[in-house]
Amino acid sequence: VWVKPSAEMSYLYGNNVLKSGMSRITESVPQYAGVVVYSMNDIPLGFGVAAQSTEACKDLEAGGNVVLHQADIGEYLRVEDEMF
């Protein structure tokens, strides 16, 4: 799943990817499949679980969840104080 630049920071702060923030999605992704979240520059930002299948995303409202957040590259910075 590729996210729009405007949705990158939201994802990196631990939020789910909404349809309004999704740019592209791989064809034939089933619901609850593990997915990698990329920026538009093909930089991996994290991973999560597909909340909807590719087909269901086409009919989803703009505020609907597409990817449920599991981990991202900003997570270390958010939990750094708790680690040591």
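Two strands are taken as paired if DSSP finds at least two bridges between them. In this predicted model, that criterion applies to strand E5 (44–50) and strand E6 (65–72), which run antiparallel and are joined by five bridges. Within this pairing, Val-49 stands opposite Leu-68 in E6. Strand E6 also pairs in the antiparallel sense with strand E2, which covers residues 17–18, and this pairing extends over two bridges. Here Leu-18 is the residue that stands opposite Asn-65 in E6.

The largest nonpolar core comprises 17 residues, among which Val-17 and Val-67 touch the most other members. Two or more residues are given to this core by each of helix H1 (5–12), strand E4 (34–38), strand E5 and strand E6, and the most come from H1, which gives three residues. In soluble globular proteins, nonpolar side chains tend to be buried together. When neighbours within four places in sequence are left aside, Val-17 is in contact with Val-3, Tyr-11, Met-22 and Val-37, and also with Gly-64, Asn-65, Val-66 and Val-67.

The loop between E4 and E5 contains Ser-39, which counts as buried because its relative accessibility of 3% falls under the 20% limit. Again leaving aside neighbours within four places in sequence, Ser-39 is in contact with Trp-2, Val-3, Glu-8 and Leu-45.

Most residues other than glycine have a negative phi. In Ser-28, however, phi is near 65°, a positive value in a residue other than glycine, and in Tyr-32 phi is likewise positive, with a value near 70°. With a relative accessible area of 67%, Ser-28 is exposed, because this value is over the 50% limit. Tyr-32 also counts as exposed, since its relative accessibility of 61% is over 50%.

Terms used:
Residues are numbered from 1 along each chain as its sequence is written. This is a predicted model: local features need pLDDT of at least 70, side-chain atom pairs count only at pLDDT 80 or more; totals for chains, interfaces and linings use all residues. Side-chain values use heavy atoms; hydrogens and water are left out. A nonpolar core is a set of buried Ala, Val, Leu, Ile, Met, Phe, Trp, Tyr and Cys residues joined through side-chain atoms within 4.5 Å. Buried means under 20% relative accessible area, exposed over 50%, partly exposed in between (1.4 Å probe, protein chains only). Helices (H or I, at least four residues) and strands (E, at least two) are DSSP runs, numbered from the N terminus. Contact means heavy atoms within 4.5 Å.
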